[in-house]
Amino acid sequence: MQTVETEVKIRVAEKESFEQSLARLGFTRVTPRTFERNTLYDTPERTLRNSRQILRIREYGGKWFVTHKSIPEDDDPAERYKRRVETETTVEDGVALAKIFEVLGLRPVFIYEKWRTEWADSQGHCVLDETPLGLYVEIEGPPEWIDVVAKQLHLDESQFIKLSYGRIFESWRDETKSKAENLTFSEIDPKYRQS
């Protein structure tokens, strides 16, 4: 299925009170806290990245998904929201698909992990992502709805982040001089154990 997703990320400090606020606003929890592992694929020359595209295999709650994202033709860099053309489908065997990608000359170039809890109302989604770099909320839906929900959650548009998790990781790595190559719990916090 292909859609144009519109979203923003916002860094938040605390999960429980934020989820209580979502429930008070009429959001329903769609999925419980679930571990997610994403692997981005590209050519050795980084052809996809250089053309602002991604190709991703995601393992989430025992299911596999393949996703392609690109910039919409009418993209406005000054816009406050992140917009991407997203084509996604489930696949039966993500490991087999990864082997196919590699035979075709694509290589895994970046891995990022998170624990995701999904909430929704009738117009959009609000997901909480517990990443190795902290807690982020993604608000996805129509732009006007994003603004209303952010205001109801006492979040200011100055807090909106349009960056991908890959770009957030790169900024963090540059600031901290970390040697980590991926946004994984084991690389960021070696004491971490998945649970």
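## Rings, strands and a helix face

Visitor: Why does F110 count as buried?
Guide: F110 has a relative accessibility of 9%, and buried means under 20% relative accessible area (exposed is over 50%, partly exposed in between, with a 1.4 Å probe and protein chains only). F110 therefore counts as buried. Before we go on, this is a predicted model: local features need pLDDT of at least 70, side-chain atom pairs count only at pLDDT 80 or more, and totals for chains, interfaces and linings use all residues. Residues are numbered from 1 along each chain as its sequence is written, and side-chain values use heavy atoms, without hydrogens and water.

Visitor: How many aromatic pairs does the structure hold, and what makes F35 and F185 a tilted one?
Guide: There are ten aromatic pairs. F35 and F185 lie 6.5 Å apart, centre to centre, with 40° between the planes. Rings of Phe, Tyr and Trp (its six-membered ring) pair if their centres lie within 6.5 Å; planes under 30 degrees apart are stacked, over 60 edge-to-face, and the rest tilted, so 40° falls into the tilted class.

Visitor: What does the pair F35 and F185 tie together?
Guide: F35 belongs to strand 2 and F185 to helix 6 (residues 185–188), so the pair links parts 150 residues apart in sequence. Helices (H or I, at least four residues) and strands (E, at least two) are DSSP runs, numbered from the N terminus. Both F35 and F185 are buried.

Visitor: What about F110 and F169?
Guide: That pair is tilted as well, at 5.4 Å centre to centre and 40° between the planes. F110 is in strand 6 and F169 in helix 5 (residues 165–176), so parts 59 residues apart in sequence are tied together. F169 is buried, with a relative accessible area of 1%. One aromatic cluster contains F110, Y112, Y136, Y165, F169 and W172.

Visitor: How do you know that R33 lies over the face of W115?
Guide: R33 is 4.1 Å from the ring centre of W115. A charge sits over a ring if NZ of Lys or CZ of Arg is within 6 Å of the ring centre and within 35 degrees of the ring normal. The charged end of K9 sits over the ring of Y165, 4.6 Å from its centre.

Visitor: Why are strand 2 and strand 6 said to pair?
Guide: Two strands pair if DSSP finds at least two bridges between them; strand 2 (residues 28–42) and strand 6 (residues 107–120) have twelve, in the antiparallel sense. R29 stands opposite W119 in strand 6.
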